[in-house]
Amino acid sequence: MSTIRLKWNLSTPYTFYAFFLGMLFLNAQKPMLSKWQEGFLDIHHINTGRGDAAFMVFPDGTTLLVDAGDMSETHPRTTSSRNAPLVPNNSKSAPQWIVDYIDQFRPKNQKRQLDYALITHYHDDHFGEVDSLRSIAKEGYQLTGIMVVGMLIPIKKLIDRGFHFPIDLKDSEVQSEERFTSDKYGMIPTLKEYWKYIDVQSSATGLENEALKVGHTDQIVLKNDSIGYPSFLVRNIASNGTIWTGENTNTYSLFTQGEYPGENPLSNCIRIDYGKFNYFTGGDISGVNRMGQMDFNSVESHIAPIVGPVDVATLNHHGNRDSQNPYYVRAIRPRVWIQQNWTADHPGEEVLRRITSKELYPGDRDIFSTVMLQGAKDVIGGRLNQYRSQEGHIVVRVYDEGDKYDVFILNDKSEEREILAKHGPYTAR
């Protein structure tokens, strides 16, 4: 097959004018996601290459940002082929790109603010990490991740997992422990700046900061009550290893004070319901032990019967091989899996086996990933064809009062973020 190559001669004004009009026409044909409108639940899984971020617009226009990953550019892992590049380009930092994305898709008839921001847990790919390159606010603290977001667009209520359970992160002895201060974790240095940010913004802008209230549906609520969407709610499922029982606001805890299991099992988990539609996201919880066996004492196993079947779920821990145990997969059995990742470790090939297994649950399921690096492709091989999309921002748009939803893939290499693909409509179950 021969390839036709066009050679433009722009030396004449007429040819240049025709070329200019042609480029305008091509740009005008880019399919763009239509604006949010009342009654839509939009869930945008934003890919920056530096960690998780999901921007949500509720049916009444209330906004929520879940996580603002901002891994340090000074780590060798960040610039290696093992990790994703910063996208769409390096003219902005990851949190600056998150705000740029929010400004494009937020409701234009609402005040420019985030009604809620939720940090699932204190790891760099979820809330940021300080380093020598970070800018410093006039108040003297370093800016990264969610703090940059909050400096660029006001946050009304910032929800995290708190600091006092199962260990007191503000205790001086805890803060001196190497596991929290080393480059590998970097939690305490970043948390100190994070707490300074909260103190300053609480006084300056009225920022509210709360720990997630497990079992509650009255913490993240619709702000425009007059519109009325009684079938919509956000249920807090787990935080700090404290699990909702499924009745009233009763809870039980997997951990005791002083017992630190690592940061991932302490992740905040929420379920969003809108009519028949259900969505679950659980940060970095896991369900497979270090020996590769299903762990019935894990957070995944404990919340599985409480969460129950959902239409859409994000892969816990980015699809790392310690997540999505068989019991959990069978219990929540989503129609759509969404993988938010940034490294060739994601997903584990055995995780892909579990979430696609018809033995664990019958029926169709579609898998979408924000990025798929070559190292993962080399390992997964033929199973890659089980993905409907392997790169791009992933938008779930729910409509018809929760009866229907579509999945859009937006170009994460472009600042315009045009539509690359549309999947659906799906019928909520």
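**Rings, pockets and cavities in a predicted model**

I start with the largest cavity, whose lining divides into six nonpolar, five polar and two charged residues. For these classes, Ala, Val, Leu, Ile, Met, Phe, Trp, Tyr, Cys and Pro count as nonpolar, Asp, Glu, Lys and Arg as charged, and the others, Gly among them, as polar. This is a predicted model, in which local features need pLDDT of at least 70 and side-chain atom pairs count only at pLDDT 80 or more, while totals for chains, interfaces and linings use all residues. Residues are numbered from 1 along each chain as its sequence is written, and side-chain values use heavy atoms, with hydrogens and water left out.

On a 1 Å grid over the protein atoms alone, a cavity is a set of points where a 1.4 Å probe fits but cannot get out. A pocket is an open set with protein on both sides within 12 Å along at least five of seven lines, and lining residues have an atom within 4 Å of a point. Grid points are joined across faces, edges and corners, and a volume is the space filled by probe spheres set on the points.

How many cavities of 30 Å³ or more are there? The count comes to three. The largest cavity holds about 70 Å³ of space. Its lining has 13 residues, and Asp-52, Val-66, Asp-67, Thr-281 and Gln-340 lie nearest the centre. Strands β2 (54-57) and β11 (277-281) each supply at least two residues of that lining; strands (E, at least two residues) and helices (H or I, at least four) are DSSP runs, numbered from the N terminus.

Next, the pockets. The largest pocket has a volume of about 1200 Å³. Which residues lie nearest its centre? They are His-123, Asn-264, Pro-265, His-317 and Asp-322, out of 39 lining residues. The elements giving two or more residues to this lining are α4 and α7 (178-181). By class, the lining of the largest pocket has twelve nonpolar, 13 polar and 14 charged residues.

The second largest pocket has about 300 Å³ of space. It is lined by 17 residues, with Ser-93, Leu-133, Arg-134, Ser-135 and Leu-143 closest to the centre. Here α3 (94-105) and α5 (146-152) each supply at least two lining residues.

On to the aromatic rings. Rings of Phe, Tyr and Trp (its six-membered ring) pair if their centres lie within 6.5 Å; planes under 30 degrees apart count as stacked, over 60 as edge-to-face and the rest as tilted. By this rule there are 14 aromatic pairs. One of them joins Phe-127 and Tyr-194, edge-to-face, at 5.5 Å centre to centre with 85 degrees between the planes. Phe-127 is in helix α4 (residues 124-127) and Tyr-194 in helix α8 (residues 187-204), 67 residues apart. Are these two residues buried or exposed? Both Phe-127 and Tyr-194 are buried, meaning under 20% relative accessible area, with exposed over 50% and partly exposed in between (1.4 Å probe, protein chains only).

Why is the pair of Tyr-229 and Tyr-274 edge-to-face? Because the planes of the two rings stand at 80 degrees, with centres 6.3 Å apart. Tyr-229 counts as buried at 17% relative accessibility, and Tyr-274 is buried at 1%. Phe-58, Tyr-229, Phe-232 and Tyr-274 form one aromatic cluster.

Last, charges over rings. A charge sits over a ring if NZ of Lys or CZ of Arg is within 6 Å of the ring centre and within 35 degrees of the ring normal. Lys-92 has its charged end over the ring of Trp-97, 4.9 Å from the centre. Arg-365 lies over the face of Tyr-361, at 3.7 Å from the ring centre.
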